[in-house]
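Trainee: I would like to go through this structure with you, one point at a time. Please show me how each answer is reached.

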Amino acid sequence: MWMAGILSVSNRPASAHVSAAEPLALSRVAHLGLVVRDADVVARRWAEAFGVSRSPARSEGTDRRVTEIYFDNLTVEVSQPSGGASIWSDFLNRHGEGIHHVAFEVPRVDDAVAALEKHGGRRVMGVSGPSVF
């Protein structure tokens, strides 16, 4: 499971529970999310420049096209807004192209959500499961 945000839970095994009172420690970064105007062009340029592979671009829902760039220790998710208003188009309009999120793997999403909220985090996307803080 994954969670996007600035903070995450520790890298404990999936069977361990995390108390919301414990300090947060980073687990494994699942991916780095970028928002760009043209996902195909950006992914092709990065793949060529760094000599890495990438996935074919695909539509995800009605609001974005996505492709991934695969490094040995990191996946970069490249999102291009498509269609109307969305978190992707809002980010691009406000900030231009750039880093949108960092996704962390966590053993238990509910525990991570509780820990982030305990430390002042505020959910900005997602109701259950993967969430953005």
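Trainee: Which residues of helix H3 (residues 109-118) are buried?

Mentor: This is a predicted model, and a residue counts as buried under 20% relative accessible area. Past the end of H3, glycine 120 has a positive phi of about 95°. Within helix H3, the buried residues are Val109, Asp111, Ala112, Val113, Ala115 and Leu116.

Trainee: Over what arc around the axis of H2 do its buried residues lie?

Mentor: In helix H2 (residues 87-95), the buried residues are Trp88, Ser89, Phe91 and Leu92. They sit on the same side of H2 because the arc they cover around the axis is only 160°.

Trainee: Which exposed residues does the face of H2 turned away from its buried side carry?

Mentor: The buried side of H2 has cover that includes strand S2 (29-35), strand S5 (64-70), strand S6 (75-81) and strand S7 (98-105). Just after H2, glycine 96 adopts a positive phi of about 80°. The face turned away from the buried side carries the exposed residues Asn93 and Arg94.

Trainee: How many residues of S6 are buried?

Mentor: S6 is among the strands that cover the buried residues of H2. S6 is largely enclosed by the rest of the structure, because its buried residues number six of the seven.

Trainee: What is the bridge partner of glycine 33 in S6?

Mentor: S2 and S6 run parallel and are joined by four bridges. Glycine 33 has as its bridge partner in S6 glutamate 77.

Trainee: And in S6, which residue is the bridge partner of isoleucine 69?

Mentor: S5 and S6 pair in the antiparallel sense, over seven bridges. The two strands form a hairpin, with four residues between them. In S6, the partner of isoleucine 69 is valine 76.

Trainee: Why is the ring pair of tryptophan 46 and phenylalanine 50 edge-to-face?

Mentor: A search of the whole structure finds two aromatic pairs. In the pair of tryptophan 46 and phenylalanine 50, the ring centres are 5.9 Å apart. Planes over 60 degrees apart count as edge-to-face. The pair is therefore edge-to-face, with its planes at 70°.

Trainee: Which residues do the ring pairs link into a cluster?

Mentor: Tryptophan 46 and phenylalanine 50 are about one helical turn apart, because four residues separate their positions in helix H1 (residues 39-50). Tryptophan 46 is partly exposed at a relative accessible area of 29%, and phenylalanine 50 counts as exposed at 53%. Ring pairs link into a cluster Trp46, Phe50 and Phe71.

Trainee: In what order do the elements of the chain run from the N terminus on?

Mentor: The chain has three helices and seven strands. Of contacts between residues at least 6 apart in sequence, 56% join residues at least 24 apart. From the N terminus on, the order is β-β-α-β-β-β-β-α-β-α.

How values were computed:
Residues are numbered from 1 along each chain as its sequence is written. This is a predicted model: local features need pLDDT of at least 70, side-chain atom pairs count only at pLDDT 80 or more; totals for chains, interfaces and linings use all residues. Side-chain values use heavy atoms; hydrogens and water are left out. Buried means under 20% relative accessible area, exposed over 50%, partly exposed in between (1.4 Å probe, protein chains only). The arc is that of the directions from the helix axis to the C-beta atoms. Contact means heavy atoms within 4.5 Å. Rings of Phe, Tyr and Trp (its six-membered ring) pair if their centres lie within 6.5 Å; planes under 30 degrees apart count as stacked, over 60 as edge-to-face and the rest as tilted. Two strands pair if DSSP finds at least two bridges between them.
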